[in-house]
Amino acid sequence: MTSEYWENRYQTHDMPWEKGAPSPGLVDFLATHRELPRGTVCVPGCGTGHDVREWAQAGFRAFGFDVAPSAIRLATEKTRAAGLQATYQLADFLRDEPPFQFDWIFEHTLFCAIDPKERDAYTRAVQRWLKPGGQYLAVNYLIPDEDGPPFGTTRTDLWNRFSPEFDLVEELVPRSYPNRTGLELLLWWRKKTAA
Ligand SMILES: C[S@@+](CC[C@H](N)C(=O)[O-])C[C@H]1O[C@@H](n2cnc3c(N)ncnc32)[C@H](O)[C@@H]1O
């Protein structure tokens, strides 16, 4: 899927992923982990920024990246209207270099949005954009669909992809938007530091 494809989805208001609210799993995660040291967080494929604003509200230095200019514009406008501070930048998470390496990456509906053939590039990007010892929090969408987006995945697929370079900190079935109940899996990973 090209950036033109995604920009067209915004231009034509064909955005069924847009729920007008952050991921319920993220809301609960931040509420139950108030002890976490605050740091930088990258939200790739941020859309209109609901998740970015949730991290910002919790005191993190939050950054959202997206390939669609309309997403960046809408996210910036909504964040200003909410009186919150966050930085948005047009970027291709799979191919671009990060501005710096982040303490956290939050995944929510980017992994399922990209062509499965690009998943190796996605995994390399998580490595590249995250500090050694940094944390990768993912709300994954476990659906069977092969003709996406969204494209399906399985826990086994995710485990095989991330466990060689990341330690699993926690795993749970999160609270979800009503139409995704029971279909999401929250995986909290920590990037291994070099031996
Ligand atoms: C299904 S939408 C999800 C948006 C947001 N995460 C949400 O849940 O509301 C996928 C988003 O990823 C963006 N995207 C797709 N490929 C991308 C890439 N390679 N780098 C950054 N953003 C990308 C799209 O423009 C779109 O905004």
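Colleague: How many residues line the largest pocket, and which lie nearest its centre?

Modeller: Keep in mind that this is a predicted model. The lining of the largest pocket is made up of 41 residues, and those nearest the centre are W6, G45, T109, L110 and A113.

Colleague: Which elements give two or more residues to that lining?

Modeller: Those are α1 (3-11), α3 (50-57) and β2 (61-66). The largest share is from α1, with four residues.

Colleague: And what volume does the largest pocket have?

Modeller: About 780 Å³.

Colleague: How does the lining divide by class?

Modeller: There are 22 nonpolar residues in the lining of the largest pocket, along with 10 polar and nine charged ones.

Colleague: OK, on to the ligand. Which pocket does the space taken by the ligand correspond to?

Modeller: The ligand takes up the space of the largest pocket, the one with W6 and A113 among the residues nearest its centre.

Colleague: Which residues come nearest to the ligand?

Modeller: Y10, G45, D66, H108 and T109 do, out of 17 residues around the ligand. G45 and T109 are also among the residues nearest the pocket centre.

Colleague: What classes are in that shell?

Modeller: The shell around the ligand has 11 nonpolar residues, four polar and two charged.

Colleague: Which polar side-chain atom lies 2.9 Å from a ligand nitrogen?

Modeller: One from D92. On the backbone side, G45 has an N or O atom 2.8 Å from a nitrogen atom of the ligand, and a polar backbone atom of F93 is 3.0 Å from a ligand nitrogen.

Colleague: How much of the ligand's accessible area does the protein cover?

Modeller: On its own the ligand has 600 Å² of accessible area, and the protein covers 94% of that.

Colleague: Changing topic: where is the cis peptide bond that involves G148?

Modeller: That bond joins G148 to P149, and omega is about 0°. P149 is in the loop between β5 (130-141) and α6 (155-162).

Colleague: What about the next bond, from P149 to P150: cis or trans?

Modeller: Cis, with omega near 0°. P150 also belongs to the loop between β5 and α6.

Colleague: Last one: which residue has a positive phi although it is not a glycine?

Modeller: H13, with phi of about 55°. You'll find H13 in the loop between α1 and α2 (24-32).

Methods. Residues numbered from 1 in each chain as written. Predicted model: local features only at pLDDT ≥ 70, side-chain atom pairs only at ≥ 80, totals over all residues. Heavy atoms only, no water. Near = heavy atom within 4 Å. Polar contact = N/O pair within 3.5 Å; in protein donor to acceptor, adjacent residues only side chain to side chain. Areas by Shrake-Rupley, 256 points an atom, 1.4 Å probe, with all protein chains shown as cover. 1 Å grid on protein atoms, 1.4 Å probe; cavity = no way out; pocket = protein on both sides within 12 Å on 5 of 7 lines; lining within 4 Å. Sits in = over half its atoms within 2 Å of the grid points. Nonpolar A, V, L, I, M, F, W, Y, C, P; charged D, E, K, R; others polar. Points joined across faces, edges and corners; volume = space filled by probe spheres on them.
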